[in-house]
Amino acid sequence: MRAFGLVYFFEPWWVQIVKALVIFGVIFAVLPILIIYERKLLGRFQGRYGPNRVGPYGLLQPMAEIVKFALKEPFRPATAVESLFRIAPMIAIVTAVSALALVPFGNVQKIFGQPVGLYGIDVSIGPLYVFALGGISFYGIMLGGWASGSKYSFLGAMRGAAQLISYEVSQGLALVGVLITAGTLSLTGIVRAQAGMWYFIPQIVGFLIFMTASFAETNRAPFDLVEADAELVGGYFTEYGGTAFVAYLFAEYTNMIVVSGIAVTLFLGGWLLPFGIHPPGWVDPFVVLAKMLIVITLFIWVRATLPRLRYDQLMSFGWKILLPLATLNLLVTAIVVAA
Amino acid sequence: MSAVLFFIAAIVAIAGAFGVVMLRNPFYNVLSLVCHLVALAALFLLLRAEFVAAAQVVVYAGAVMVLYVFVVAYVGGADESVTHFTGGADRPGALRVLGPLFGVAVAVELCIALLGTALKGISGKGAPYVLGFGTPKQIGTEFLTTYLFPFEVASLLLLVAAIGAVVLARRRRGLEPDESLDARLRPARPAYTGTMAEVAGLVAHGDGEAGR
């Protein structure tokens, strides 16, 4: 079973299918929790309760909303391009879910005597896989905005295009520092290389650049100009309603989960715990999920704190500050590692 | 399994290539090209060239084509006329003559290449898979040892192209002599518009002449 990468020789095909279903199921069960978590937290940050009517403490609010969205009429404007209008949300969500496969939730464990890697896939190209899917996910945004046949959607999509290509470069360069330090592209290998010290300490500049660029890549505040509601109504998904809108919403949250998973893997030690604590193997996924929750809380915190950037500020920040800084970080890391 | 995937990817690649040539709307042309490039990446994956596949998607579908889509979505129209190059029904344009010529030349070249080498591979099993083939490590080693000179020449070429793009795209001269920066930043506004500070006279009116 050397299907993709070099590390699959110990897993039969059915294990891979089960793993894919489990990861998909867990993450999609987490998504509604994440949505209510964000709304409650945002409420607290702004001195209010947040949703508190549906269910105990308002915790069933996302369920009520999903039912509401699912029952809506699939509307589309008369100027929309039917086929692309339907395909675009699918591209967005398929690429987001595919990127999940890369996040390692733990080392190789023996489950009923069968060795199983607690990750979707461990490819030899590592983070490049995420960047490839990120490049395709751009078409989900772009086609959605273009095919809507509306100026607001189109402008939102255009902003998304410019933002994505501007910050992808810095994000990639920030990662290269980690890859040089670890000496491998395999994400599980990178986690194992962090046994001595988590990389966010030696690679603190890379970590900050990666996180900043990730806010832009996932279209989160303060870089959410793609969906700046005061200027563009809703950005590229202005014309979407019902399940297609939910697809975009879930794609955004899945992207956030993927980015926090990558950040945890590359900078925060993956499933490793500090102070020499070595829990049994089944704890590993929970460690990773807990760390991801911390990173996601940071995402929400920043959204509640920082105002949205202006468009020219966004561009000059990306190209004139972040990119030179990322290049410098890469150079310094290369010199330190080689010396 | 791999045969099924190969035929799916190959059909998508060829259909995409046809779409680039046949479709009239430039936006769909670009989308066809994207489909074609992604299908090529799938073919690379089937050849176990993972790094090449990822680079194909990241560089072409994810960066180059993004710019194409960007430009075409802004300026490309569905009813854009191409008769300037192809000529009308009565007079043949340059593309009508040169297009088939180059097409035939490429087809002949491909036929020579196919008949010369590739047909031997049909009866054989193909090259054996070596562990570590197509990984970034192997490609990096090859680049910096066996293919060092072509690699460096290619990077020099890319550098020249990048500098050339900057030189061509930059604004050649500064402001026009009779054009002040102030007028460019503050366009004319209709009367009775502006901020409270301007009404109170705390700051200069945006454009006093047009306002009155």
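Domain bounds here come from an automatic or database domain assignment. For chain B of this predicted model, that assignment gives domain 1, covering 1–80, and domain 2, covering 130–168. Taken over C-alpha atoms, the centres of domain 1 of chain B and domain 2 of chain B are separated by 23 Å. Each side supplies to the contact between them: five residues come from domain 1 of chain B and five residues from domain 2 of chain B. On the side of domain 1 of chain B that touches domain 2 of chain B, three residues are nonpolar, two are charged and none is polar.

Chain B also contains helix α8, residues 148–169. Its 22 residues reach 32 Å from the first C-alpha to the last, close to the 32 Å expected at 1.5 Å a residue. A residue is buried if 20 or more other C-beta atoms lie within 10 Å of its own. The number of buried residues in α8(B) is zero out of 22, so the helix lies largely in the open.

B:Arg48 is not a glycine, yet has a positive phi of about 65 degrees.

Next comes the contact between the chains, which takes 18 residues from chain A and 16 residues from chain B. On the chain A side, the elements that give two or more residues are α4 (127–147) and α5 (151–182). The most comes from α4(A), with eleven residues. The side of chain A that touches chain B has 15 nonpolar residues, three polar residues and no charged ones.

The helices α4(A) and α5(A) also meet each other. Their axes come within 8 Å and cross at roughly 170 degrees. Angles over 145 degrees count as roughly antiparallel, and α4(A) and α5(A) are therefore roughly antiparallel to each other. Residues of α4(A) in this contact include A:Phe131, A:Phe138, A:Ile141 and A:Trp146. Those of α5(A) include A:Phe154, A:Ala157, A:Leu164, A:Glu168 and A:Leu175. Glycines take part on each helix, among them A:Gly134 and A:Gly144 in α4(A) and A:Gly156 and A:Gly160 in α5(A). By class, the contact of α4(A) with α5(A) has eleven nonpolar, seven polar and one charged residues.

Conventions
Residues are numbered from 1 along each chain as its sequence is written. Chains are lettered from A and ligands numbered from 1 in the order in which they are written. This is a predicted model: local features need pLDDT of at least 70, side-chain atom pairs count only at pLDDT 80 or more; totals for chains, interfaces and linings use all residues. Two residues are in contact if their C-beta atoms, placed from the backbone, lie within 7 Å. Helices (H or I, at least four residues) and strands (E, at least two) are DSSP runs, numbered from the N terminus. Ala, Val, Leu, Ile, Met, Phe, Trp, Tyr, Cys and Pro count as nonpolar, Asp, Glu, Lys and Arg as charged, and the others, Gly among them, as polar. Axes are lines fitted to C-alpha atoms, for helices over the stretch in contact, and angles run from 0 to 180 degrees between N-to-C directions. Angles under 35 degrees count as roughly parallel, over 145 as roughly antiparallel, 65 to 115 as roughly perpendicular and the rest as oblique. The expected span of a helix is 1.5 Å times one less than its number of residues. A residue is buried if 20 or more other C-beta atoms lie within 10 Å of its own, exposed if 12 or fewer, and partly exposed in between; C-beta atoms are placed from the backbone.
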